[in-house]
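Here is a friendly briefing to read alongside the model.

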Amino acid sequence: MSSFIIFMVFAHRQRQQRAKEKMIAIQTEFEKTLLDVEKEIREETLSFVGKELHDNVGQLLSLAKLNLASSRPEKIQEGKILINTIIQEVRGLSKVLNLEWLEGYSLETFIQKELDKLTHAEFCSTSFESSVPELLLTKDEKLILIRIIQECINNAIKHARPKHISITIHQQDQHTCIHLRDDGVGFDMQARGDGSGLINLKKRMETIGGTLRITSSIGNGTSIELFLPNSDT
């Protein structure tokens, strides 16, 4: 009898140790994912800021210089207005460089801004619709989701050649679903399989308790669903 009790105690301690090791592994993977995501977002932000400085602020400065060099009072006034515009643009870009700006952004606002960039660049038409209340996410969860959505959009831009990209947020069973769809060229899922990029996206969803499902076929575009467990489940 005593041997059985000792065995049960030993087995229980082993289960506790395995559970503890699993929790440590999950936390380590989450922290690594977060560091990678922050690095990638900063790199993409720097690229965006550099492009804005060159394409937007650079042109405004050139135009302001021409106006201020004029002898006509109305042109000088236009130059002064442009200088004020440039100051506001640079202030806005300086805020973007700090990831703290994310705290004031909802995920929904971020999605709309990302899609607006595509529309303004005349890359393709876009649409966004949410039928659920604003998602309540921690800063870390929001960071990871933002990077996943950015990567999905970037993949569509690089490979799909779509005419339209849509994102919807809705309830599906016991989950909140963020559904990204494009009407691009699509791809053969059996031929391509799960590449490293897709595996990475799935792992990132798992670190925040979610799952990712992708559907595509040649000529029929691509559908990506991000499933998040409801907070009350």
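This is a predicted model: local features need pLDDT of at least 70, side-chain atom pairs count only at pLDDT 80 or more; totals for chains, interfaces and linings use all residues.

The chain has 233 residues, of which 33% count as buried. Its secondary structure comes to 6 helices and 5 strands.

**Overall layout**

- Reading from the N terminus, the elements follow the order α-α-α-β-α-β-β-α-α-β-β.
- Among contacts with a separation of 6 or more, 68% are between residues 24 or more positions apart.

**The nonpolar cores**

- The largest nonpolar core holds 34 residues, and the members that touch the most others are Ile149, Ile178, Leu180 and Leu226.
- The biggest contribution is that of α4, which gives 10 residues.
- Ile178 is a handy place to start exploring; beyond its neighbours within four places in sequence, Ile178 is in contact with Leu107, Leu135, Leu145, Ile149, Ile167, Thr168, Ile169, Ile224, Glu225, Leu226 and Leu228.
- There is also a second, separate core of 7 residues, with Val57, Ala64, Ile86 and Leu93 among them.

**How α3 packs on α4**

- Two packed helices are described by the angle between their axes and the distance between the axes.
- For α3 and α4 that angle is about 20°, and the axes are 11 Å apart.
- Angles under 35 degrees count as roughly parallel, so α3 and α4 are roughly parallel to each other.
- Their crossing is right-handed.
- On the α3 side the contact is made by Leu107, Phe110, Ile111, Glu114, Leu115 and Leu118, which meet Leu145, Ile146, Ile149, Gln150, Ile153 and Ile157 of α4.
- By residue type, this contact divides into 10 nonpolar, 1 polar and 1 charged.

**Ala160, a buried helix residue**

- Is Ala160 buried or exposed? Ala160 is part of helix α4, and with a relative accessible area of 7% it is buried, because the cut-off for that class is under 20%.
- Setting aside residues up to four places away in sequence, Ala160 touches Asn155, Asp182, Gly184 and Val185.
- Ala160 and Gly186 are 26 residues apart along the chain, yet their C-alpha atoms are separated by 6.2 Å.

- As background, most residues other than glycine have a negative phi.
- Glu122 is not a glycine, but its phi is positive, at about 60°.
- Where does Glu122 lie? Glu122 sits in the loop between α3 and β1 (125–130).
- Arg161 also has a positive phi, near 50°, in a residue other than glycine.
- The loop that holds Arg161 is the one between α4 and β2.
- Are these two buried or exposed? Glu122 has 73% relative accessibility and Arg161 has a relative accessible area of 63%, so both count as exposed, the cut-off being over 50%.

Key: Residues are numbered from 1 along each chain as its sequence is written. Side-chain values use heavy atoms; hydrogens and water are left out. A nonpolar core is a set of buried Ala, Val, Leu, Ile, Met, Phe, Trp, Tyr and Cys residues joined through side-chain atoms within 4.5 Å. Buried means under 20% relative accessible area, exposed over 50%, partly exposed in between (1.4 Å probe, protein chains only). Helices (H or I, at least four residues) and strands (E, at least two) are DSSP runs, numbered from the N terminus. Contact means heavy atoms within 4.5 Å. Axes are lines fitted to C-alpha atoms, for helices over the stretch in contact, and angles run from 0 to 180 degrees between N-to-C directions. Angles under 35 degrees count as roughly parallel, over 145 as roughly antiparallel, 65 to 115 as roughly perpendicular and the rest as oblique. A crossing is left-handed if the near helix is turned anticlockwise from the far one by less than a right angle, and right-handed if clockwise. Ala, Val, Leu, Ile, Met, Phe, Trp, Tyr, Cys and Pro count as nonpolar, Asp, Glu, Lys and Arg as charged, and the others, Gly among them, as polar.
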